[in-house]
Amino acid sequence: MKLYKVLPDLSRKNHMAIWQKALRQQWSAEDLDWSRPQRITSPRLKDQMARVLTPVLMGEQAALYSVSGLIPILGLNGEVESQFYLTTWAVDEARHTELFARYYGRLEREPLSIRRFRSGYLFQSQIVSTEPAEWLAGVLVSEVLAKLLLEDFKNLDLDPLLSDICDGILRDEARHLGFNQIYMEDRFKDLHLQGQSHVDAAAGHLRDRVQRVLDCVPPMFDEVNEELAAIGIDRHRIYSELEAGANRRLDRSIERGRRAAKGLQALSSADDAITEQG
Ligand SMILES: [Fe+2]
Ligand SMILES: [Fe+2]
């Protein structure tokens, strides 16, 4: 263990504000009413749900692993405010993993095995990195994808408990995307102050990374193609919104960092970063 400073600065205000929000907005799977009758009763629909929820559960578990792994790295970098925030992010992903694991019990089904869902495993593997900005660029794709799928599940209103699960997770995901924006803007502000060549190198690298992770999405959809269509989820709309949304968010962080470095605009507040859509 390395501790560089006994007294941390805690001077990054927006990081501290989103950490405080995350602390106050915690909730538990036990807050939901699991005794409500299951509306998904047809064996065929249960089988379809078990398949399409596989990438969702896998994503929650992979997020728990990777977020937990980044906590000590941020400490080593002396990024204590971000380290604080990630402790809540890990709790969020643990809660999401628990929710979907328990939901499989309610469905009386099991997800696809890793052997039968290699594309999902490859997608998650592409996101892994021990460099925080690199990791956050990949995470942008998985979190926007989770957001789009959960919004669809909620709108389809398949089972009231599933809608409540999606509703709670969507609030958490908005916060994760908000932190992603706060961290990236701040990183790009620093890079802009170091010079345009630093910005160009980092931006190019992170855009490539987003694209590599995006490339792993269609093979995953292929695996559950029929089930997505049967349930009423349009994979092509999801993919185009995902591609546009992930790139737009990264570009926005780069631009906001530039404007902040030039003194043209303040960095986004926690409230703005959480509520900003698209
Ligand atoms: Fe999650
Ligand atoms: Fe998340």
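Guide: A residue counts as buried if 20 or more other C-beta atoms lie within 10 Å of its own, as exposed if 12 or fewer do, and as partly exposed in between, with C-beta atoms placed from the backbone. This is a predicted model, in which local features need pLDDT of at least 70 and side-chain atom pairs count only at pLDDT 80 or more, while totals for chains, interfaces and linings use all residues. Residues are numbered from 1 along each chain as its sequence is written, and chains are lettered from A and ligands numbered from 1 in the order in which they are written.

Visitor: Okay, so is glutamate 108 buried or exposed?

Guide: Glutamate 108 is exposed, because 11 other C-beta atoms lie within 10 Å. Glutamate 108 sits in the loop between helix H4 (80-107) and H5, where helices are DSSP runs of H or I with at least four residues, strands are E runs of at least two, and both are numbered from the N terminus.

Visitor: What about the phi of glutamate 108?

Guide: Its phi is positive, about 60°, although glutamate 108 is not a glycine. Most residues other than glycine have a negative phi. Leucine 10 also has a positive value, with phi near 55°; leucine 10 lies in the segment before helix H1 (13-24) and counts as exposed, with 12 C-beta neighbours inside 10 Å.

Visitor: Switching to packing, how do H1 and H7 sit against each other?

Guide: H1 and helix H7 (residues 160-194) pack at an angle of about 170° with their axes 10 Å apart, the axes being lines fitted to C-alpha atoms over the stretch in contact and the angles running from 0 to 180 degrees between N-to-C directions. That makes H1 roughly antiparallel to H7, since angles over 145 degrees count as roughly antiparallel, under 35 as roughly parallel, 65 to 115 as roughly perpendicular and the rest as oblique.

Visitor: Which residues make that contact?

Guide: From H1 they are Asn14, His15, Ile18, Lys21 and Ala22, and from H7 they are Arg175, Gly178, Phe179 and Ile182, where contact needs C-beta atoms, placed from the backbone, within 7 Å.

Visitor: Now H5, which residues are buried there?

Guide: Gly120, Phe123, Gln124 and Ile127 are buried in H5. Seen down the axis of H5, they fall within an arc of 90°, so they line one face of the helix; the arc is that of the directions from the helix axis to the C-beta atoms. Their cover includes helix H3 (54-76), helix H6 (132-156), helix H8 (196-215) and helix H9 (217-223).

Visitor: And serine 125, where is that?

Guide: Serine 125 is found in helix H5 (residues 118-127), and it is exposed because 12 other C-beta atoms lie within 10 Å. Serine 125 and alanine 62 are 63 residues apart in sequence and 8.7 Å apart in space, C-alpha to C-alpha.

Visitor: You mentioned H8, so which residues are buried in that helix?

Guide: In H8 the buried residues are Ala202, Leu206, Arg209, Val213 and Leu214, and they fall within an arc of 135° seen down the axis of H8, so they line one face. The face turned away from that buried side carries the exposed residues Gln196, Ser197, Asp200, Ala201, Gly204 and Asp208. What covers the buried residues of H8 includes H5, H6, H7, H9 and helix H11 (235-261).

Terms used
Two residues are in contact if their C-beta atoms, placed from the backbone, lie within 7 Å.
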